[in-house]
Amino acid sequence: MEVDENFFSSVDEDGAMLGGPAGRERRRMAAAAWLAPAAAAGLRVARNFANLVLDVIYPPSCLCCGAATASHGALCSACWGRINFIERPFCDRLGTPFAYDLGISGLLSPEAMAHPPAYARARAVARFEDGPVRELVHRLKYHDRMELAEPLGAWMARAGGELLAEADLLVPIPLHRRRLMWRQFNQAQALAVAVGRASGRKVDPFLLRRVKRTPPQIGLSRTQRAENVQGAFAVPNEAKPFVEGRAIVLIDDVLTSGATINAAARTLLRAGAARVDVLVFARVVTGA
Ligand SMILES: [Zn+2]
């Protein structure tokens with residue numbers, strides 16, 4: 001299948017997502033960085049290593065549907081064309097797209113004015129909806145496709161450029177210890193590492209801890225969702241000096257109602273963070 005030329009020129013100027021020597025080298029470095037901390041999970045390491053070997057042996061294919069592509073770490077033109085990228089004009093606070101361009105920057109949506117979040121700004125690459133975006137998120141989260149984190153993180157670094165330029169630290173949304181044991185992999189952390197690599201920003205996964213397991217938010221009202229995640233996060237005492245006065249960007253894969261990320265942002269702000277922004281790969285957009 002042919003690959004849209006614009007895809008390469010617009011998404012990747014430095015070869016980060018391409019299969020060229022630079023891209024391949026970066027993938028190898030990414031693999032090395034990931035294999036070390038995962039050493040405890042022997043089976044997982046073996047599986048990831050096998051994936052890497054397969055990548056080298058087999059020709060490049062679309063990250064989403066598996067169709068042939070010109071290079072590794074890319075999407076085919078069909079999948080690319082089905083992604084709803086979030087572009088300006090959007091709400092300066094929530095990052096949700098506006099239907100019309102009024103030509104005024106810094107506009108806030110009615111939602112942001114009615115229910116201002118704890119975080120300062122949120123940005124996302126694309127809308128979370130059926131199709132390639134949902135598929136990519138799902139594959140990263142449940143199918144151990146860690147190699148996806150690298151290209152998705154590069155997109156996020158681009159979408160969150162203005163946030164990252166002012167950031168001291170990137171903090172992934174943590175999983176609860178027991179859920180992490182079950183899954184053995186936190187997709188938010190994988191994305192944070194990739195965003196950090198693409199933007200040159202430091203990642204610290206130890207500043208925020210998930211201290212309460214929260215039941216799914218589905219079907220809950222706004223108030224119930226906020227109550228559901230209350231007290232879910234904590235900044236350990238020993239981490240407080242590293243939070244105080246810092247501009248932090250919280251990283252996650254998907255922003256849905258925003259209640260969880262808001263609780264995390266509030267926890268960091270209470271611990272003395274100067275500013276908390278949010279960067280995700282995809283966000284749910286309703287009523288826009
Ligand atoms: Zn495809």
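Q: Hi! For contacts in the protein chain with a separation of 6 or more, what share comes from residues 24 or more positions apart?
A: That share is 71%. Keep in mind that this is a predicted model.

Q: Thanks! How many helices and strands are there in the protein chain?
A: The protein chain has 13 helices and seven strands.

Q: And what percentage of the residues is buried?
A: Of the 288 residues in the protein chain, 40% are buried.

Q: Let's look at strand S7. Is S7 mostly covered or uncovered?
A: S7, residues 275–283, is mostly covered, with eight of its nine residues buried.

Q: Which way does S1 run with S7, parallel or antiparallel?
A: Strand S1 (residues 122–127) and S7 run parallel, joined by five bridges. Within S7, Arg283 is the bridge partner of Arg127.

Q: How many bridges pair S6 with S7?
A: Eight, again in the parallel sense; S6 covers residues 247–255. Asp252 has Val280 in S7 as its bridge partner.

Q: What do S6, H13 and S7 make together?
A: They make a right-handed β-α-β unit, with helix H13 spanning residues 259–270.

Q: Changing topic: at what angle do the axes of H7 and H10 cross?
A: The axes of H7 (residues 149–159) and H10 (residues 187–199) cross at roughly 55 degrees and come within 8 Å. That angle makes H7 oblique to H10.

Q: Is that crossing left-handed or right-handed?
A: H7 passes H10 in a right-handed crossing.

Q: Nice. Which residues meet there?
A: On the H7 side they include Leu152, Gly153 and Met156, and on the H10 side Leu191, Val193 and Ala198 are among them.

Terms used: Residues numbered from 1 in each chain as written. Predicted model: local features only at pLDDT ≥ 70, side-chain atom pairs only at ≥ 80, totals over all residues. Buried ≥ 20, exposed ≤ 12 C-beta atoms within 10 Å, placed from the backbone. Helix = DSSP H or I, 4+ residues; strand = E, 2+ residues; numbered from the N terminus. Pairing = 2+ DSSP bridges. Right-handed = clockwise from strand over helix to strand, strands pointing away. Contact = placed C-beta atoms within 7 Å. Axes fitted to C-alpha atoms, helices over the stretch in contact; angles between N-to-C directions. Parallel < 35°, antiparallel > 145°, perpendicular 65-115°, else oblique. Left-handed = near helix turned anticlockwise from the far one by under 90°.
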